[in-house]
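Open the model in your viewer and keep the selection panel at hand. The stops below say what to select next and what is there.

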Amino acid sequence: MKDLEKLAKFDKKLAMLALVTAEGIKPVSKIDSFDGPEEIVQHLLEDMGLCVEIKKQGCRSDILFGKASSIRKYHEANELRGKERVYALGIAFGYPDCCSKYFSEFLLGEKDEKPEKLSPLEHFSCPNCKVSPSLRKKYQETMDLFI
Ligand SMILES: [Zn+2]
C-alpha cells in the first residue's frame with residue numbers, strides 16, 4: 001500500500017478514491033483541478049491497475065481513472081445532455097440508480113429535499129435511500145483498511 005501513502009501525501013481524497021476504485025466499489029472516479037505532479041500520480045494510479053486520463057486545465061489537471069470499459073461509459077454519459085447526462089454520469093461513477101435519478105431531478109428543481117453527501121466521496125444519497133447505507137459502510141471499511 002505504498003502507492004496509496006504516496007497518493008495521500010498529494011491529496012487524501014485522491015487516495016481514497018483510488019482505493020475504492022481499485023477495489024471495484026466505484027467503477028470510475030474523477031478529481032478536478034488537481035494541483036500537483038500529475039505524472040507521478042498517473043504512474044501511482046497505473047501501478048494500482050487503473051487506467052488514467054489526464055486533462056490539463058491551465059496549470060491544474062482533471063484526473064479520471066478506472067477500468068478502461070468504465071472510462072468509456074463515463075465518456076458516453078458525458079456526451080448526453082441535461083437530466084439524462086447527470087443521471088448517466090451518476091451511474092458511470094457507480095452511484096445507485098435511485099440516487100442518480102434523484103440527484104438529476106434535484107438539479108433541475110424537480111425535487112426539494114437536498115440529497116445527502118456521503119463525504120468524502122461525491123455520492124449524493126437520495127432521501128431514505130435503501131442502498132446507500134450499505135455502500136457507505138463499504139466505502140468506510142475499505143478506507144479504514146489502508147488509511
Ligand atoms: Zn438512493
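Domain bounds here come from an automatic or database domain assignment. This is a predicted model: local features need pLDDT of at least 70, side-chain atom pairs count only at pLDDT 80 or more, and totals for chains, interfaces and linings use all residues. Residues are numbered from 1 along each chain as its sequence is written.

**Stop 1: the two domains**

Colour residues 2-69 as domain 1 and 82-146 as domain 2. Their C-alpha centres lie 20 Å apart. Now select the contact between them. Domain 1 supplies 11 residues and domain 2 supplies 10 residues. Two residues are in contact if their C-beta atoms, placed from the backbone, lie within 7 Å.

Select helix H2, residues 12-22. With five residues, H2 gives the most to the side of domain 1 that touches domain 2. Helices (H or I, at least four residues) and strands (E, at least two) are DSSP runs, numbered from the N terminus. That side of domain 1 divides into eight nonpolar, no polar and three charged residues.

**Stop 2**

Show strands S1, S2 and S3. They form an open sheet in the order S1-S3-S2, with antiparallel pairing. Two strands pair if DSSP finds at least two bridges between them. S1 and S2 (51-57) are the edge strands, each pairing on one side only. From one strand to the next, the twist averages 15 degrees.

Zoom in on S2 and S3. Seven bridges join them in the antiparallel sense. Pick cysteine 51: its bridge partner in S3 is glycine 66.

H2 lies across S1 and S3, at about 165 degrees to S1. H3 lies across S1, S2 and S3, at about 165 degrees to S2. Axes are lines fitted to C-alpha atoms, for helices over the stretch in contact, and angles run from 0 to 180 degrees between N-to-C directions.

**Stop 3: the core**

Which residues have the most contacts inside the largest nonpolar core? Select Ala18, Val28, Phe65 and Cys99; the core has 32 residues. Such a core is a set of buried Ala, Val, Leu, Ile, Met, Phe, Trp, Tyr and Cys residues joined through C-beta atoms within 7 Å. A residue is buried if 20 or more other C-beta atoms lie within 10 Å of its own, exposed if 12 or fewer, and partly exposed in between; C-beta atoms are placed from the backbone.

H2 gives the largest share of this core, seven residues. Centre on phenylalanine 65. Beyond its neighbours within four places in sequence, its contacts include Ala18, Val28, Leu45 and Cys51.

**Stop 4: helix H5**

Select Tyr87, Leu89, Gly90 and Ala92, the buried residues of H5. They pack against S1, H4 and H6. Just after H5, glycine 94 takes a positive phi of about 90 degrees.

**Stop 5**

Go to serine 33, in strand S1 (residues 28-34). Its phi is positive, about 55 degrees, although serine 33 is not a glycine. Serine 33 is exposed, with 11 other C-beta atoms within 10 Å.

Finish at asparagine 128, in the loop between strand S5 (123-125) and helix H7 (132-146). Asparagine 128 also is not a glycine, and has a positive phi of about 55 degrees. Asparagine 128 is exposed, with 8 other C-beta atoms within 10 Å.

Notes:
Nonpolar A, V, L, I, M, F, W, Y, C, P; charged D, E, K, R; others polar.
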